[in-house]
Amino acid sequence: MRQDVWSKRTWQADPKDVEARIAASDAATATRLTPEQAEAIDEQSKATKFRQEQAKAIEDKALGVEPIDKPKTDSESETVEKQLNEWESQNYSSDSEKGLLIMPDGTVKDFAGTDHHVTGKEDDIALMNGAVFTHNHPTDNTFSQNDIVTGLVKGNLKEMRAVTSTGDIHILRNNDASVVDRRKFAADYSQMRMKAENIANKKILRGEHIDKDEYVKGRLEKFMEEHANEYNLSYTKSHINEISIDKTAQSGIIKEKANKPITAITDQSIKSVPVVEVPGYSYEESMIIQQQHKELLDFSRENNNNGECSFTFREGFSDRKRFIGTDDSVDFGSDGLNGSNIFVMHNHPRNSSYSDRDVRFLLDNENIRALSIVKNNGHVEVLVKNQDFSIKKAKTELGRFFKKYVMNNTDEEIDKAINAFIKSGKGGLTWITK
């Protein structure tokens, strides 16, 4: 039996394989048809399929057969989501690629692979129509061009997911996009990748110290966030330990674990806030940080019943912005973190250290230089990016600590992984605590 390869880098088909000839035929057809002709053919195909489905539905009804493509109930949708979450939690740190396909009727098919591709038969592409497919990327990359072409354009997946070695989950949903929409998206995605690579190469030639892969990934994510809806698609990014966050609506949330009672802020705790000398900041700036930590606690006590609040500052501690959160989190909204070299401080009502969400917030926002916690009891912690900071390296190291400590996805295991990561200093973060 011939086999094709699904890869996050490339769709690798044997040149003699049927799929190679299909791909060549598709390319030739695409060059001969105008978009209007392609759309007309697509609509004609949909109409034919609709008539066939209607005839089958009438026949099934007469025979008392339940349709397999009826809308999913809430419990069925929850079952699919649970399957995805469990699979992604178990496989995100795997050194080899694997895949899971959940078809519209609930049938599940597993796929094995190597360190850089998932292997499947050519007939498996037909099974993708209307299905959900997730797979892991052993590196910290978003969708490859061939993920898009194979899963979205050819396979017509309802949802495509990729979970990275750091636990990030990239999710691309198909909202009944036509074949024209999907092909246009694939073409524009490819153009964005090439443009980002060219810009990255120019930056490197100018002597700028950037991570090319991380830069390209960031541009692709931004493209999907801002433009996916133009193709009747939607893009979200989540994490194995989080509820999905739609990045088109939010630019950051920081959160404390809410499993202890809140500590009331007192005059004594405000008075006891220490000066913390943060690497990369002058002593005068450290004094400003101390004063602002005190004001933050007072602000929380007076305006949020000791709950979580945040102050953010642009470079030079100018343009202070204040945010009021809940008892365990702060949401900065879509435009709350504009600027560069931002210093973000927030209080933890339960006196805990950095949460998983806190650390990922710092890593995911390249314009944030430092994130501090002033606890309601007056103690302070600071995480700051130093001169050796690399987003790619930091996320890789974080993934290794998760792989080492997180077996059952419990809060205790996650806390242990986060604590070990920030103590290690790997990836270019400096941790100060007082």
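## Two helices side by side

Contact here means heavy atoms within 4.5 Å. The model is predicted. In it, helix 5 packs against helix 6 through a listed set of residues. From helix 5 come Gln145, Ile148, Val149, Leu152 and Val153. They meet Arg182, Arg183, Phe185, Ala186, Tyr189, Ser190 and Arg193 in helix 6. The residues of this contact divide into seven nonpolar, two polar and three charged.

Two packed helices are described by the angle between their axes and the distance between the axes. Helix 5 covers residues 145-154, and helix 6 covers residues 179-205. Their axes come within 10 Å and cross at roughly 175 degrees. Angles over 145 degrees count as roughly antiparallel. Helix 5 and helix 6 are therefore roughly antiparallel to each other.

## The chain as a whole

The chain has 434 residues, and buried residues make up 45% of them. Its secondary structure comes to 12 helices and 16 strands. Take the contacts between residues at least 6 apart in sequence: 67% of them join residues at least 24 apart.

## Asp188 in helix 6

Helix 6 also holds Asp188. Leaving aside neighbours within four places in sequence, Asp188 is in contact with Phe223 and Tyr231. The side chains of Asp188 and Tyr231 are joined by a polar contact of 2.5 Å. Phe223 lies 35 residues from Asp188 along the chain, and their C-alpha atoms are separated by 9.4 Å.

Strands of a sheet pair through backbone hydrogen bonds, either parallel or antiparallel.

Strand 5 (residues 132-137) and strand 6 (residues 159-164) pair in the parallel sense over six bridges. There, His135 has Ala162 in strand 6 as its bridge partner. Strand 7 (residues 168-174) pairs with strand 8 in the antiparallel sense, over seven bridges. His170 has Lys237 in strand 8 as its bridge partner.

## Strand 15 and its two partners

Strand 15 spans residues 380-385, and six of its six residues are buried. Both of its faces are covered. Val380, Val382 and Val384 lie on one side. Glu381, Leu383 and Lys385 lie on the other.

Strand 14 (residues 368-375) pairs with strand 15 in the antiparallel sense over five bridges. Ala370 stands opposite Val384 in this pairing. The two strands form a hairpin with four residues between them, where Gly378 takes a positive phi near 100 degrees. Strand 15 also joins strand 16 (residues 429-433) through five bridges, and these two run antiparallel. Thr433 in strand 16 is the bridge partner of Glu381.

## Loop residues to look at

Two asparagines have a positive phi although neither is a glycine. For Asn306 the angle is about 70 degrees. Asn306 lies in the loop between helix 9 and strand 10 (309-314). Its relative accessible area is 12%, so Asn306 is buried. For Asn341 the angle is about 50 degrees. Asn341 sits in the loop between strand 12 (329-331) and strand 13 (342-348). At 33% relative accessibility, Asn341 counts as partly exposed.

Gly280 is in another loop, between helix 8 (267-271) and helix 9 (283-303). Is Gly280 buried or exposed? At 58% relative accessibility, Gly280 counts as exposed. The C-alpha atoms of Gly280 and Asn386 are separated by 7.5 Å, while the two residues are 106 apart along the chain.

## Asp356 in helix 10

Helix 10 covers residues 356-364 and includes Asp356. Asp356 has 5% relative accessibility, so it counts as buried. A polar contact of 2.8 Å links the side chain of Asp356 to that of Arg360.

Conventions: Residues are numbered from 1 along each chain as its sequence is written. This is a predicted model: local features need pLDDT of at least 70, side-chain atom pairs count only at pLDDT 80 or more; totals for chains, interfaces and linings use all residues. Side-chain values use heavy atoms; hydrogens and water are left out. Buried means under 20% relative accessible area, exposed over 50%, partly exposed in between (1.4 Å probe, protein chains only). A polar contact is a pair of N or O atoms within 3.5 Å; within protein, one must be able to donate a hydrogen and the other to accept it, and residues adjacent in sequence count only if both atoms are side-chain atoms. Two strands pair if DSSP finds at least two bridges between them. Axes are lines fitted to C-alpha atoms, for helices over the stretch in contact, and angles run from 0 to 180 degrees between N-to-C directions. Angles under 35 degrees count as roughly parallel, over 145 as roughly antiparallel, 65 to 115 as roughly perpendicular and the rest as oblique. Ala, Val, Leu, Ile, Met, Phe, Trp, Tyr, Cys and Pro count as nonpolar, Asp, Glu, Lys and Arg as charged, and the others, Gly among them, as polar.
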